[in-house]
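Here are my notes on this one, written as numbered points. Keep the model open while you read and look up each residue as it comes along.

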Protein chains: 2
Amino acid sequence: MQKISRRDALKMSLAGAGALALGGVNANAATNEKEVKFDEEYDVIVIGSGFAGSMATLKALERGLKVLMVEKMGRSGGNSVINVGNMAVPNNEYQKEKGIKDSKELFIADCLKDGLNLNHVDLLEVIYDRANEAYEYLKTIGVEFSSKVISASGHSVMRAVQVKVASGSGYIRPMHKKIEENPNALIKKRTKFDEFVLDESGRVVGVKCRENYKFDGELKSDDLENTSGEVKFIKAKKGVILAAGGFSSDKWFRAQQVPYLKTDIDTVSQPGATAGALTAAINIGANPLLLSWIQLNPYTNPTEKGFGTSAVFTNHCSNDYGLSVNPKTGKRFMNEHAGRKIKCDAIFKVMAEGANNDNYPVNICDQAAVDANNPLYTSKGVESGSIKKFNTLEELAKAYGIPVEPFLKTVADFNGYVKEGKDPEFGKPLAKADVHGIDVSKPPFYASLSMPKILYCMGGVQINAKAEVISMNTQKPIPGLYACGEITGGVQGGGRLGTMSMSDCMVFGMIAGENV
Amino acid sequence: MQKISRRDALKMSLAGAGALALGGVNANAATNEKEVKFDEEYDVIVIGSGFAGSMATLKALERGLKVLMVEKMGRSGGNSVINVGNMAVPNNEYQKEKGIKDSKELFIADCLKDGLNLNHVDLLEVIYDRANEAYEYLKTIGVEFSSKVISASGHSVMRAVQVKVASGSGYIRPMHKKIEENPNALIKKRTKFDEFVLDESGRVVGVKCRENYKFDGELKSDDLENTSGEVKFIKAKKGVILAAGGFSSDKWFRAQQVPYLKTDIDTVSQPGATAGALTAAINIGANPLLLSWIQLNPYTNPTEKGFGTSAVFTNHCSNDYGLSVNPKTGKRFMNEHAGRKIKCDAIFKVMAEGANNDNYPVNICDQAAVDANNPLYTSKGVESGSIKKFNTLEELAKAYGIPVEPFLKTVADFNGYVKEGKDPEFGKPLAKADVHGIDVSKPPFYASLSMPKILYCMGGVQINAKAEVISMNTQKPIPGLYACGEITGGVQGGGRLGTMSMSDCMVFGMIAGENV
């Protein structure tokens with residue numbers, strides 16, 4: 001590795017100064033191609049190894065390109081491997097089998113509702129048009145799906161597919177296997193992308209990164225303070241694809257955008273989800289969109305860390321099929337099928353009735369609801385203790401200190417609504433969402449607690465329908481730079497629907513790999 | 001003016017190439033000090049000539065500094081001169097006179113409510129602590145205020161002062177007079193700031209700008225396409241203060257952040273309110289906060305362009321003291337004293353009842369409400385025709401096609417609420433806000449229509465309590481760079497209260513001028 005810095009070059013040419021050590025850094029964190037000698041060369045460099053980066057890599061490899069994937073952490077897959085593995089796929093085979101009518105209008109209307117009209121509709125159209133193609137492709141490389149279509153938060157029809165193992169690793173494993181089999185591909189873990197290398201026209205022609213980097217979650221800011229690893233300059237002849245995910249674990253960055261997230265609020269993201277790659281892109285002009293829109297997960301559990309083992313049960317078994325109650329009153333308090341922001345706000349309100357913000361809502365369902373979903377959604381939590389199992393509703397109520405009679409009335413009322421297909425209290429879409437209610441004659445019954453945790457960054461760099469990154473300075477694509485997945489902003493507007501992250505990652509990953 | 005570009009320098013030193021013409025631009029739009037020879041030198045350069053920039057200039061001049069103010073437009077004052085001129089000043093003399101109790105807690109709670117908890121509270125504290133000092137200073141330099149304290153949108157107590165001439169020019173004129181009298185000050189109009197000049201440590205040491213620049217509102221993007229003027233490099237020994245305002249008139253930039261603002265929706269801002277200065281700051285690492293929060297004005301009138309002549313009447317005479325009705329029903333439809341976003345959403349809903357989104361709400365008040373405010377608030381609109389005057393409420397109803405009987409019942413009900421001091425329908429704070437109701441025995445009555453227009457950008461670069469611009473790359477101040485006013489983000493969170501823009505501009509302008 002050899003580097004002649006711009007400053008030194010300027011000194012040589014203009015000032016004639018010697019090798020003065022310079023303490024400061026130019027805030028413009030990008031390197032000029034003329035200043036470096038590349039250590040390695042590929043057609044494409046992909047930054048990040050989750051859904052979006054993996055799909056981009058596979059599609060670039062299909063075109064015969066030589067691809068380097070860099071991942072800063074010691075394990076591949078980022079947040080994607082701790083994702084639950086459901087993907088919104090309009091017009092998928094099971095939707096057709098069940099006779100569920102979907103349409104572009106309906107899909108976009110659903111997204112815009114939770115997205116508060118802040119979504120870039122042209123990008124939603126691309127997802128609608130191509131999600132099924134991505135899904136069908138994933139099957140061909142060995143991703144195994146359950147034979148059903150499921151309901152998910154904020155969607156007005158069932159349109160999500162489920163991966164069999166109930167975890168994003170069900171995608172990442174076969175995807176990475178396929179990548180690793182390809183002689184044109186190389187995955188470098190513990191390799192931290194630091195900044196872009198630009199040529200004189202402003203085109204992205206490579207990256208500055210560090211190999212043998214060791215992420216340190218104990219640092220206040222790993223991006224700022226961690227100097228581990230050896231610097232390498234790597235050339236990308238065709239382009240760089242940014243697929244580095246969100247910044248949910250970046251305590252400083254997220255708290256500037258959303259000050260009330262500055263406390264020690266928990267997140268479901270892996271600790272490496274920081275803003276360094278995003279800011280490197282903004283430093284070269286990438287238009288930052290919607291950075292202040294950070295989604296919380298209304299399904300997570302106060303009795304365990306991070307995403308935990310009950311969130312998927314709470315989401316799909318209880319919230320989709322059953323009901324949630326306020327333990328102080330035994331009454332429902334929200335449309336359990338509403339969008340995430342609406343639910344988080346409602347949960348925070350219930351929690352605030354506790355002396356220490358700890359009046360956590362109780363999420364309930366029956367055995368039929370468990371059976372309607374992947375059994376792993378429930379068994380993992382029952383095993384870890386985050387989901388409790390009861391023989392009677394009375395036992396359940398007592399265990400959580402819920403007043404029994406009001407609670408039983410709530411369940412009876414809810415069952416009545418299910419029969420009628422209409423929820424007069426909170427407008428839960430009972431007819432459409434295949435809700436069972438609680439069959440009180442068929443124990444056992446299941447319950448979990450919920451407390452919102454930081455889930456997802458809607459904001460990020462702007463892309464167009466070709467996954468090209470748009471410059472705020474030129475209003476045009478930054479040549480050589482593509483992005484996909486959570487690091488982009490615009491697709492999800494101000495609120496992402498459940499299962500839409502995967503659709504976003506897979507479709508725009510595919511497109512980035514096709515276009516780079 | 002002499003410039004050796006970085007590219008040329010690099011070529012000389014490394015590649016030895018000749019004078020190749022390069023079409024592209026490096027997206028990193030900042031200049032290295034080594035590449036330029038400064039044409040002029042000041043202690044401080046202030047970018048923008050509105051409230052914030054003028055206050056910053058005055059305070060820097062007080063310290064004996066040599067200050068250059070650059071303004072890209074042909075006239076000074078930006079949006080500030082077309083502002084209505086009311087300023088929230090907690091603990092001002094008239095509040096004390098009237099025995100109105102204010103407190104930091106109340107002030108911050110009001111701001112956080114409309115700001116959706118996205119405000120940086122440390123910055124709100126600074127405004128609370130120092131707004132009265134700014135107000136008292138403004139009086140000493142000749143700004144003339146009415147002897148009253150008024151109510152304003154979203155504030156739970158009356159805390160705003162009114163400038164006598166009912167226009168922001170009532171501040172800008174004396175402020176600029178004072179600036180122009182000072183031999184250490186120079187104002188350059190038609191001078192466009194293009195980018196910052198940094199030294200090797202990353203410190204802002206000057207600007208690249210263009211003199212004799214001619215803004216062209218007909219261009220799709222003036223920032224991108226307008227090449228007029230002669231380039232000058234100007235040194236700022238102490239620092240640069242960015243006070244260039246918001247981007248409400250930047251059709252491209254605002255529509256990327258908030259896609260539903262992409263249509264030909266009108267704005268109350270002057271045409272020069274574009275994003276160029278903001279993006280130049282982001283290009284050198286300034287942390288972009290809350291860019292997707294753009295406020296609409298619920299008071300503007302569909303029968304005239306821009307801010308027009310009736311908005312201040314609608315806001316202060318009708319919405320504060322009177323009522324608004326849906327012309328289709330004759331009924332009220334909102335808390336007329338709610339925050340701006342709530343009101344805009346309610347107005348859009350009423351408008352949508354018209355075939356062409358044109359069922360505009362009618363805003364009504366009586367003579368007493370007009371008399372309670374600056375008479376110019378009403379006389380200008382009556383003169384231009386944007387406010388209509390009627391001898392009876394029946395006449396008023398007929399003129400707008402409002403069903404008479406329901407309308408009269410609405411007025412009678414509203415008067416009842418005023419007597420009771422409580423609005424059971426929409427929760428308008430009648431007791432606190434000194435609301436008169438409509439005295440049906442005392443004509444004339446006044447009415448205007450309303451349609452929301454783009455008003456204000458809550459987002460911008462991050463600053464700290466010293467008005468230093470915070471870098472997303474270092475999490476620390478960018479040395480030599482200060483910002484104040486609408487170009488900053490964080491103070492107003494996701495929603496600015498009425499009269500809070502001026503407090504923000506004046507207080508942080510003062511602080512920037514003190515600290516630079």
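1. Let's start with the overall shape of chain A. A compact globule of 516 residues would have a radius of gyration near 24 Å, and chain A agrees, with 24 Å. That radius is taken over C-alpha atoms, and the globule rule is 2.2 Å times the number of residues to the power 0.38. Along its principal axes, the C-alpha trace of chain A spans about 85 × 50 × 40 Å.

2. Some housekeeping before we go on. This is a predicted model, where local features need pLDDT of at least 70 and side-chain atom pairs count only at pLDDT 80 or more, while totals for chains, interfaces and linings use all residues. Residues are numbered from 1 along each chain as its sequence is written, chains are lettered from A and ligands numbered from 1 in the order in which they are written, and side-chain values use heavy atoms, with hydrogens and water left out.

3. What is chain A built from? It has 16 helices and 23 strands; these are DSSP runs numbered from the N terminus, helices being H or I with at least four residues and strands E with at least two. Of its 516 residues, 65% are buried (buried is under 20% relative accessible area, exposed over 50%, partly exposed in between, with a 1.4 Å probe and protein chains only). Take the contacts in chain A between residues at least 6 apart in sequence: 76% of them join residues at least 24 apart (contact means heavy atoms within 4.5 Å).

4. Now find helix α9 of chain A, residues 276-283. 8 of its 8 residues are buried, so the helix is largely enclosed by the rest of the structure. Among them are A:G276, A:L278 and A:I282. Just after α9(A), A:G285 takes a positive phi of about 105 degrees.

5. In chain A, 3 strands form an open, mixed sheet in the order β13-β20-β23; its edge strands, β13 (288-289) and β23 (488-489), each pair on one side only. Two strands pair if DSSP finds at least two bridges between them. β13(A) and β20(A) (residues 460-462) run antiparallel and are joined by 2 bridges, and A:L289 has A:G460 as its bridge partner.

6. On to charges. The structure holds 50 salt bridges over all chains, each being a side-chain nitrogen of Lys or Arg within 4 Å of a carboxyl oxygen of Asp or Glu. In one of them, A:E336 and A:K428 bring their closest N and O atoms to 3.6 Å. A:E336 sits in the loop between β15 and α11 and A:K428 in the loop between α15 and β18, so the pair ties together parts of chain A that are 92 residues apart in sequence. A:E336 is buried at 0% relative accessibility, and A:K428 is buried as well, at 2%.

7. Another salt bridge joins A:E211 and A:K232, with the closest N and O atoms 3.2 Å apart. A:E211 is in strand β11 and A:K232 in strand β12, 21 residues apart. A:E211 is buried at 13%, whereas A:K232 is partly exposed at 22%.
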